Amino acid sequence: NLMLNQNFDLKIVDFGFAAAVQGIRGIGRLQTYCGTPQYMAPEIHQRKEYSGVSVDIFAAGKILFVMVAGYFPFDEAIPSDPKYNLIASNRADEFWY
């Protein structure tokens, strides 16, 4: 969750699902399936172990896209989403049509 204060300073709030970078088992991998589906990285949707840093960067990229473009690049990072599938299969040139 991102918010702006009266000075338009960005504030990150709600750390309800926050976890240590090294994970519960200390190996740097996480397994929790949680979050808003539109911002979840593919590995979370696939219920695979994941790096918290990597999935946070994925979500930040999607937030930045929405801030600039004003719409989501794709609904969810799952193979059945046609727009996501174009990006995941290295056909980003077709994404913009």
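Accessible areas here come from the Shrake-Rupley method with a 1.4 Å probe, and for residues only the protein chains shown count as cover. With that noted, I looked up the total: the protein chain exposes about 7200 Å², and carbon and sulfur atoms supply 58% of it.

A reminder to myself: this is a predicted model, where local features need pLDDT of at least 70 and side-chain atom pairs count only at pLDDT 80 or more, while totals for chains, interfaces and linings use all residues. Residues are numbered from 1 along each chain as its sequence is written, and side-chain values use heavy atoms, with hydrogens and water left out.

Next, the elements. I found 4 helices and 2 strands in the protein chain, in the order β-β-α-α-α-α from the N terminus. These are DSSP runs numbered from the N terminus: helices are H or I with at least four residues, strands E with at least two.

Then burial (buried is under 20% relative accessible area, exposed over 50%, partly exposed in between; 1.4 Å probe, protein chains only). Of the 97 residues in the protein chain, 23% count as buried.

I stopped at Leu-30, in the loop between β2 (10-12) and α1 (42-45). Leu-30 counts as buried because its relative accessibility is 14%. Its C-alpha atom is 6.6 Å from that of Gly-52, 22 residues apart along the chain.

Last, Ile-12, which sits in strand β2. With a relative accessible area of 55%, Ile-12 is exposed.
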